[in-house]
Amino acid sequence: MVTRGVSSVTAATREPGSRASRAAAIAWRLATVVDVVTETPRARTLVLDVPGWPGHRAGQHVDVRLTADDGYQAERSYSIASPPEEARIALTVQRLDDGEVSPYLTDVLRTGDRLELRGPIGGYFVWDVAFGGPLFLVAGGSGIVPLMAILRHRAGALLGANMRARHGVPARLLYSSRRWEDVFYRAELARLAEDDETLEVAFTLTHEAPRGWTGFRRLIDRMMLAEVAWPPAERPKVFVCGPTPLVEAVATTLVELGHDPALVKTERFGPTGGSA
Amino acid sequence: MTVVLSVVFATARTLNVAASEGGVHKAMTEPFVSRGFRGRRQPGETAARLPPGQYETRDFPVLSAGPTPRTPLATWDFVLRGVDGPAARWTWDEFQTLPHETVNTDIHCVTKWSKLNTIWEGVSVDTLLAEAAARGVKAAPYVLAVSDGGYTTNLPLGDVTGGKAWVAVKYAGAPLPPEHGGPARLLVPHLYFWKSAKWVRQLRFMEHDAAGFWESFGYHNYGDPWREQRYSGDP
Amino acid sequence: MDDETRNASAERVDGEARRLDGNAAAGILSEIFVPDVTAAHATCANCGTIRAMGALLVYSHGMGMVMRCPDCDAVVLRVARPRRQLWVDLTGVKIIVMAG
């Protein structure tokens with residue numbers, strides 16, 4: 001969903017994180033759905049035009065609020081999938097069958113509808129190219145969404161940069177999903193990895209794999225992390241996102257392997273790995 | 001059906017208070033409505049059993065304010081503490097020898113879900129108070145329930161006596177799971193469910209009322225769902 | 001993800017499986033603090049450990065949001081919104097150093 005050439009002039013009207021943009025961040029806004037993209041049978045990306053959007057950082061999220069005609073409201077958080085370089089924000093939502101909000105966003109909402117949201121929110125689980133690397137990203141299921149914003153930002157920032165700059169921020173992604181059909185952004189991840197020798201992407205499928213699968217075929221465990229992660233001595237910036245049990249197990253294991261806890265940032269999505 | 005809904009859920013209506021930023025909508029006479037959104041509510045034949053503002057749920061939401069305590073049964077005890085003087089204490093084994101009752105009741109959470117026909121098994125607080133009195137524990141007008149992990153909630157004595165309260169050890173026929181307050185929780189179904197303290201370990205008598213964890217933080221001191229006493233200041 | 005959760009640890013469908021990071025509190029905290037506080041550092045009043053607010057554990061209880069110290073589990077911060085008023089309990093936090 002990275003659309004190159006789209007002007008980002010209107011997106012960042014002020015420096016994200018500055019006091020003025022902070023006051024703007026907490027107000028609810030009415031966004032318009034301008035596009036809907038099917039990612040997997042259960043997930044779609046909503047592309048939103050948000051008037052007055054103050055800009056955001058990769059890793060941040062928005063709060064979405066739905067209101068029924070009798071005034072009943074439900075609120076959930078969704079990570080922003082699009083990088084700060086894009087004027088429109090993208091949210092990738094996975095449908096939870098017993099969810100209250102996600103089925104509305106995946107089944108009912110359509111282009112032209114409006115959606116109330118506020119943001120961007122969160123200054124902890126964020127990464128800018130200036131933070132440097134090496135970068136180690138671990139995604140469980142829909143936890144890939146904020147990490148994709150990070151990878152898109154990294155790709156956009158390094159576009160045309162010289163070899164030295166690219167090698168200054170090498171990145172690895174370890175992405176766990178149940179099945180190949182559940183993997184978000186398949187084509188884009190393949191292309192990013194192909195175009196950029198400083199990016200490596202490893203998948204693990206935990207339930208079912210296609211014929212001829214050569215990737216990992218199990219839950220993320222200590223051995224896998226030891227194999228895929230940068231050595232602790234390189235002091236990678238680590239971002240782990242997904243269902244709470246996965247995030248906690250991965251973060252604990254990385255610290256046991258010797259990674260500095262201060263460099264391991266986590267975003268737990270709760271028990272089911274997504275906002276219901 | 002529509003009429004019932006708009007009466008029951010009128011309290012949820014909000015206005016947007018917004019700064020005059022570009023793109024931010026101001027306080028509107030007609031609040032934004034999400035096209036086609038209904039939410040999880042299920043009105044119907046059970047409406048009469050639901051207190052105002054509640055909806056029925058078929059599952060059993062877990063609300064946690066902290067990590068799940070895991071006190072081993074070998075070290076678990078339950079204490080009824082008098083204002084001064086002796087306290088009554090039961091180990092898990094001793095607690096099991098007390099007469100247990102089965103209770104079928106509706107429960108109502110202040111976060112608006114209600115669950116009907118929930119089945120519990122436990123020891124009536126009346127039984128515990130009688131046992132404690134026999135051991136010289138002096139009652140007082142108020143009670144503070146104290147749980148593992150530090151949670152507290154306060155109740156008048158009259159709301160835990162007369163067959164209104166239990167220390168429950170089973171839910172739906174099985175030992176109470178930790179996420180729902182096991183091994184034992186207070187059960188006071190006529191009040192909002194935050195009063196049914198999970199992981200309860202003590203009932204402490206008090207001469208004067210003292211607000212517990214939520215009562216001291218914006219929630220109603222008493223919490224009658226039928227008068228919709230959710231927040232402090234509600235009549 | 002549900003099956004993975006169950007396989008990983010059957011008994012963990014409880015308070016721990018539901019807990020979140022400080023980020024989850026960022027929305028409501030942004031209504032109280034003007035600078036983004038999740039990147040700021042807080043000292044737990046109970047055990048003295050200093051860490052980023054974003055690294056605190058958030059228990060998003062429906063009645064309020066409770067942030068706890070990952071080391072000692074003490075309540076660092078509590079936020080509730082009864083009747084559209086914002087209640088904030090900061091008694092569990094000793095110092096907050098705002099990141100510039």
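Which residues have the most contacts inside the largest nonpolar core? They are Leu91(A), Leu137(A), Leu147(A) and Val167(B).

## The model and its numbering

This is a predicted model: local features need pLDDT of at least 70, side-chain atom pairs count only at pLDDT 80 or more, and totals for chains, interfaces and linings use all residues. Residues are numbered from 1 along each chain as its sequence is written, while chains are lettered from A and ligands numbered from 1 in the order in which they are written.

## The largest core

The largest nonpolar core has 141 residues. Such a core is a set of buried Ala, Val, Leu, Ile, Met, Phe, Trp, Tyr and Cys residues joined through C-beta atoms within 7 Å. A residue is buried if 20 or more other C-beta atoms lie within 10 Å of its own, exposed if 12 or fewer, and partly exposed in between, with C-beta atoms placed from the backbone. Helix H3 of chain A, residues 144–158, gives the most to this core, with 8 residues. Helices (H or I, at least four residues) and strands (E, at least two) are DSSP runs, numbered from the N terminus.

Take Leu137(A). Leaving aside neighbours within four places in sequence, Leu137(A) is in contact with Leu147(A), Ile150(A), Ala171(A), Leu173(A) and Phe239(A). Contact means that the C-beta atoms of two residues, placed from the backbone, lie within 7 Å. In soluble globular proteins, nonpolar side chains tend to be buried together.

## Chain A

Chain A has 7 helices and 11 strands. Of its 276 residues, 51% are buried. Among its contacts between residues at least 6 apart in sequence, 74% join residues at least 24 apart.

Strands S3 (61–67) and S4 (73–79) of chain A pair in the antiparallel sense over 7 bridges. Two strands pair if DSSP finds at least two bridges between them. Val62(A) stands opposite Tyr78(A) in S4(A). In S4(A), 5 of the 7 residues are buried, so this strand is largely enclosed by the rest of the structure. The hairpin of S3(A) and S4(A) has 5 residues between the strands, and there Gly71(A) takes a positive phi near 95°. Asp70(A) is found in the loop between S3(A) and S4(A). Is Asp70(A) buried or partly exposed? Asp70(A) is partly exposed, with 18 other C-beta atoms within 10 Å. The C-alpha atoms of Asp70(A) and Pro41(A), 29 residues apart along the chain, are separated by 31 Å.

Helix H7 of chain A covers residues 244–256. H7(A) has 13 residues and reaches 18 Å from its first C-alpha to its last, close to the 18 Å expected at 1.5 Å a residue. That expected span is 1.5 Å times one less than the number of residues. The buried residues of H7(A) include Leu246(A), Val247(A), Val250(A) and Leu254(A). After H7(A) comes Gly258(A), whose phi is positive, near 115°.

## Chain B

Chain B has 3 helices and 11 strands. Buried residues make up 34% of its 235 residues. Its mean pLDDT is 86, and 85% of its residues reach 70 or more. Over residues 1–28 of chain B the pLDDT is below 50, and beyond near neighbours in sequence this stretch has 52 contacts in the model. The pLDDT is the predictor's confidence in each residue, from 0 to 100. Where pLDDT is low, the predicted coordinates should not be read in detail.

Which residues of helix H3 (residues 125–134) of chain B are buried? They are Val125(B), Leu128(B), Leu129(B) and Ala132(B). Seen down the axis of H3(B), these buried residues fall within an arc of 100°, so they line one face of the helix. The arc is that of the directions from the helix axis to the C-beta atoms. The face turned away from the buried side of H3(B) carries the exposed residues Ala130(B) and Ala134(B). Strands S2 (77–81), S3 (87–91), S5 (113–124) and S8 (166–171) of chain B are among what covers the buried residues of H3(B). Gly136(B), which follows H3(B), has a positive phi near 90°.

## Chain C

Chain C has 3 helices and 8 strands. Of its 100 residues, 51% are buried. An open sheet holds 5 strands in the order S1-S4-S5-S6-S7, with antiparallel pairing. Strands S1 (20–21) and S7 (87–89) of chain C are the edges, each pairing on one side only.

S6(C), residues 75–80, pairs with S7(C) over 3 bridges. Val79(C) has Val88(C) in S7(C) as its bridge partner.
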